[in-house]
Amino acid sequence: MRVACLPGWLLCLFVGVAWPIHAMAVSVSVSGQVDRPGVQSLNGNARLGDAATAAQVRPEAYVLGASWTQKSRQLEQMRLQAGLLYELGAVADQARREGNAPLAELSAKLRQWLQAMPVTGRRVVRTLDPGALYADDADDLPLEDGDTLNYPQRPSTVRVVGAVRKSCELPHVALQDARKYVKACATQMADRDFLYVIQPDGKVFELGIALWNESAPMVLAPGAIVYVPLDSRLTAGAADAVFGREMADFIATQPLDGGVLP
């Protein structure tokens, strides 16, 4: 080791010394269809693929429905939930003032359902398939301490939630359009223009259902959710124009086996 001091300065530099920098370890919890469930202690530079490898994801895991949650995402989702709860309360109050008892009851029911949903911090990404993660560095994102990964079993149903008379869970039918699932469920005070499809990977799609905005057919994967929003004409003045989309966005934060039926 050499010490080099600059003349006239009380400053010295240690030259020729390599100071090792060790990244702090991160703990990641992996559950579901894996051979080694539980908390995995990984190095600080660990990525999604490292956690999947450490947990040994089984071939039968339903990777399309896998979920990744992060504590750093929870605050934003907490704010979204709080805003939606406020708007549902406002819709119920407005409906009572206007003598619309069915809307007041449905809004209160939806509010209770939404309030029971946990704030998960789910982060939606292109893929959580272990093979795909190793094939493309852009998908193999870095982990944070306290993250969770879940690889569920493949489901066999599709759920329709929101402005429906009762919980509606239907068998998944290959290549069937989302609108056919909704037609099989009894809706009430539903929006006439839009549906929202939440695929099992958490991605949300807006589907036009009126003559003026009719979308192309959308096929659902097993485990998908169709959110039927309240009629925007009935909620005007109490909920803003993006209320339906934001409801769908929050539902999408729930893991596949999270039990989001109202």
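1. A hairpin of five residues connects β7 to β8. The two strands, β7 (157-162) and β8 (residues 168-171), run antiparallel and are paired over four bridges; pairing requires that DSSP find at least two bridges between two strands. Within this arrangement, T157 faces P171 of β8.

2. The basis of these remarks is a predicted model, in which local features need pLDDT of at least 70 and side-chain atom pairs count only at pLDDT 80 or more, while totals for chains, interfaces and linings use all residues. Residues are numbered from 1 along each chain as its sequence is written, and side-chain values use heavy atoms, with hydrogens and water left out.

3. The protein chain contains seven helices and 11 strands. Helices (H or I, at least four residues) and strands (E, at least two) are DSSP runs, numbered from the N terminus. Of its 262 residues, 45% are buried; buried means under 20% relative accessible area, exposed over 50%, and partly exposed in between (1.4 Å probe, protein chains only).

4. Contact denotes heavy atoms within 4.5 Å. Of the contacts in the protein chain between residues at least 6 apart in sequence, 66% join residues at least 24 apart.

5. Helix α2 (74-97) comprises 24 residues and extends 35 Å from its first C-alpha to its last, close to the 34 Å expected at 1.5 Å a residue. The expected span is 1.5 Å times one less than the number of residues. Its buried residues include Q77, Q81, E87 and Q94, together with L84, L85, L88 and V91. The cover over the buried residues of α2 includes α3, α6 and α7. After α2 comes G99, with a positive phi near 75°.

6. Helix α3 (residues 101-116) has 16 residues, which should span 22 Å at 1.5 Å a residue; its end C-alpha atoms are 23 Å apart, in agreement. At the start of α3, a side-chain oxygen of N100 comes within 3.2 Å of the backbone nitrogen of L103. L103 is itself buried, as are A104, L106, S107, L110, W113 and L114 of this helix. Elements covering the buried residues of α3 include α2, β7, α6 (232-235) and α7 (243-251).

7. There are two aromatic pairs in the structure. F194 and W212 form one that is edge-to-face, with 6.1 Å centre to centre and 90° between the planes. Rings of Phe, Tyr and Trp (its six-membered ring) pair if their centres lie within 6.5 Å; planes under 30 degrees apart count as stacked, over 60 as edge-to-face and the rest as tilted. The pair links distant parts of the chain, 18 residues apart: F194 belongs to strand β9 (residues 194-198), and W212 to the loop between β10 (204-208) and β11 (225-228). F194 is partly exposed at a relative accessible area of 23%, whereas W212 is exposed at 60%.

8. D193 is located in the loop between α5 (178-183) and β9. D193 counts as buried because its relative accessible area is 11%. Its side chain makes a polar contact of 3.4 Å with the side chain of R233. A polar contact is a pair of N or O atoms within 3.5 Å; within protein, one must be able to donate a hydrogen and the other to accept it, and residues adjacent in sequence count only if both atoms are side-chain atoms. Beyond its neighbours within four places in sequence, D193 is in contact with L207, G208, I209, A210, W212, N213 and R233.

9. D139 sits in the loop between α4 (130-135) and β6 and is buried, with 9% relative accessibility. The side chains of D139 and R126 are joined by a polar contact of 2.5 Å. Neighbours within four places in sequence aside, the contacts of D139 are L48, R126, T127, A132 and L133.

10. N150 forms part of strand β6 (residues 148-151) and counts as buried at 13% relative accessibility. The side chain of N150 makes a polar contact of 2.8 Å with that of S31. Not counting residues up to four places away in sequence, N150 touches S31, G32, A66, S67 and D257. N150 and L128, 22 residues apart in sequence, have their C-alpha atoms 9.7 Å apart.
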